[in-house]
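Here's a walk through a two-part model, from single residues up to whole chains. Keep the picture open while you read.

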Amino acid sequence: MATQDASLVASPARRAVRRVRQLEDERKLAFLLLAPTGILLGLFIAYPFVTGIWLALTDTRVGVPGDFVGLKNFVKIWNDSIFRIAVWNTVWYTFVTTVFKLALGLWLAVLLNRHFRGKAFVRAFVLLPFIIPTVLSTFAWKWMFDPTFSVLNWLLWKLGIIDARINWLGDPDLALWSVMVVNIWRGVPFYAITLLAGLQTISPELHEAAAIDGARPWQRFWYVTWPLLLPVTMVVTLFSVIQTFADFQLVYVLTGGGPANATQLFATYAYQLGIGTGLLSEGAAISLAMFPILFLVVILQLLYIRRVETR
Amino acid sequence: MIEGAAWRKWLFFYLPLAVFVIWLLFPFYWMAITTLRPDGELYRPWNAKNYEPFWTANPTLDHIMLLLEETLFPTWLWNTMLIALVSTLISLVCGVFAGYALARLKFPFAGSLGTGIFITYLVPQTLLFIPLADVIRNFRLGDTPWALILTYPTFLIPFCTWLMMGYFKAIPKELEECARIDGASRWKAMIYIILPVAVPGILSAGIFAFTLSWNEFIYALVFLSSSEQKTVPVGVVSELIRGDVFYWGPLMAGALMGSIPVALVYSFFVEHYVSGLTGSVKG
């Protein structure tokens, strides 16, 4: 009886109390806390992913709702010579830049791991290429690569290395390398700073012990630092591989995929066909073709993390 | 690590470090010097006698004035700022809540949800931009700031969640239990006891998310079409290049001034940024 009376005169305060009580249930609280994330990721990742697959299986163009055509788009891009160039370019671009970013980033990290005056300052400045919006800094590179006004040509000319101009972005044999230079420039700070954080967790006593045992600096790096740094290195590299594989901004600004598709990547070709030409379904098929490769990389990464965690 | 004669230290330490620093910073110097250089000096071929790359005797503010007066640059700057701030805020709220739930609460499928969020963390923007453009159009969000405010969290939330999970796991459970014994509800213990302790983590996630959304390009390029809605990167690309003609002075002025806000935020919070960055790749 008493409870009935209470519910009849349930005041807002009492209702608030009941709501708080419900939050004591871990499942309900968890559901509530995860709901905003679930809604946003569901609407703008899961849902477009499904529509993307659907789109790739139709012949939709801008303004023309398409019909189901099965795997026709995938067959078409498989036989498309530009798509093949783009796949090859993407793989090569990812491989070369990753090797250089890792090597140079590690070198810079080792340099920054020493004590010297102005270290905090140098570290802060070195990260700038990674902070500054990529498109904006890439324009500075495009201007430095300008065939007529290039400061790089001037520099090489003054140093006596060249006597005719180098057409950095206009020469099909050179364009992809020029783009790689910019990608490496932007990526090295990321590697350096994350690897530096890894280096700082390695106890200096290990180095001292190795030094007492007579290990030379290079040996100490190879047998002490490198194995301990490997887990961080793997994770950083895999993150960077995914980003590089899906790169768009650099090529869009520097070359637009040219000359003669020499710098065409997955993403730029998908953009060119899907948004530029309006062949939405083919564009979607090209972006989705990245998925299996990226998925493999992610799986490898997860397996690796598991292995390290359970060790 | 390098011992022995002073020349060795110079050769193996100062020299490589100097080369790295010059290489990494030169493009920014080039941006600045181009911004201040008058057109007459700017368009001198590289092998011209009077090509003076590193200095200008006649600095000018013409390019900056042109940018501010004849383009919508101030509007783009405002748009970028607004979009970056709001999407960062949304992502922080979502990420803190989700991170807390995944790190602290027991519920079915917690493990697979965590893995799911980690996988979305790794979805690059270029994978979904075409179908997402369709979705944005269907929701009638195209060409409004909402198109970006609502889609940027898709790559910011997973990162914030990931970072906050790490932070929450490091906070001892006893802290919360004490508060609960004193009569605080779960919700209150989270808001008043755990969140204040996690402020450094929230700040790191926020700074990192802010720079990421300032940097985003392809969504802004595809989802926005009218000039007064654009963000700085897209505005600079589409309005300062007409056909084949590059307006290099104003372009570099735009690049420089579009970088300054984010560089300022970074300079105030370097340590937080670095811990956000290194936390972002921790397994």
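(The cut-offs: a residue with 20 or more other C-beta atoms within 10 Å of its own is buried, one with 12 or fewer is exposed, and anything in between is partly exposed, with C-beta atoms placed from the backbone.) You'll find A:A260 in the loop between α13 (249-254) and α14 (266-276) of chain A. Helices here are DSSP runs (H or I, at least four residues) and strands likewise (E, at least two), numbered from the N terminus.

A word on the source: this is a predicted model, where local features need pLDDT of at least 70 and side-chain atom pairs count only at pLDDT 80 or more, while totals for chains, interfaces and linings use all residues. Residues are numbered from 1 along each chain as its sequence is written, with chains lettered from A and ligands numbered from 1 in the order in which they are written.

Back to that loop. A:N261 sits in the loop between α13 and α14 of chain A too.

| Residue | Phi | C-beta atoms within 10 Å | Class |
|---|---|---|---|
| A:N261 | near 60 degrees | 18 other C-beta atoms | partly exposed |

A:T98 belongs to helix α5 (residues 81-112) of chain A. Setting aside neighbours within four places in sequence, A:T98 touches A:T237, A:S240, A:V241 and A:T244. (Contact means that two C-beta atoms, placed from the backbone, lie within 7 Å.)

How do the two chains meet? Chain A brings 79 residues to the contact and chain B brings 76. On the side of chain A that touches chain B, helix α3 (residues 26-56) of chain A gives the most, with 18 residues. That side of chain A has 60 nonpolar, 14 polar and five charged residues. (Ala, Val, Leu, Ile, Met, Phe, Trp, Tyr, Cys and Pro count as nonpolar, Asp, Glu, Lys and Arg as charged, and the others, Gly among them, as polar.)

The axes of α8 (residues 153-170) and α11 (residues 199-215) of chain B come within 10 Å and cross at roughly 160 degrees. (Axes are lines fitted to C-alpha atoms, for helices over the stretch in contact, and angles run from 0 to 180 degrees between N-to-C directions.) α8(B) and α11(B) are therefore roughly antiparallel, a label for angles over 145 degrees; under 35 is roughly parallel, 65 to 115 roughly perpendicular and the rest oblique. Among the residues making the contact are B:L156 and B:F159 of α8(B) and B:G201 and B:S204 of α11(B). The residues of this contact divide into nine nonpolar, three polar and no charged.

Finally, zoom out. Chain B holds 15 helices and two strands. Its radius of gyration is 24 Å, well over the 19 Å from the globule rule for 283 residues, so chain B is more spread out than a compact globule. (The radius is taken over C-alpha atoms, and the rule is 2.2 Å times the number of residues to the power 0.38.) Buried residues make up 43% of the 283 in chain B.
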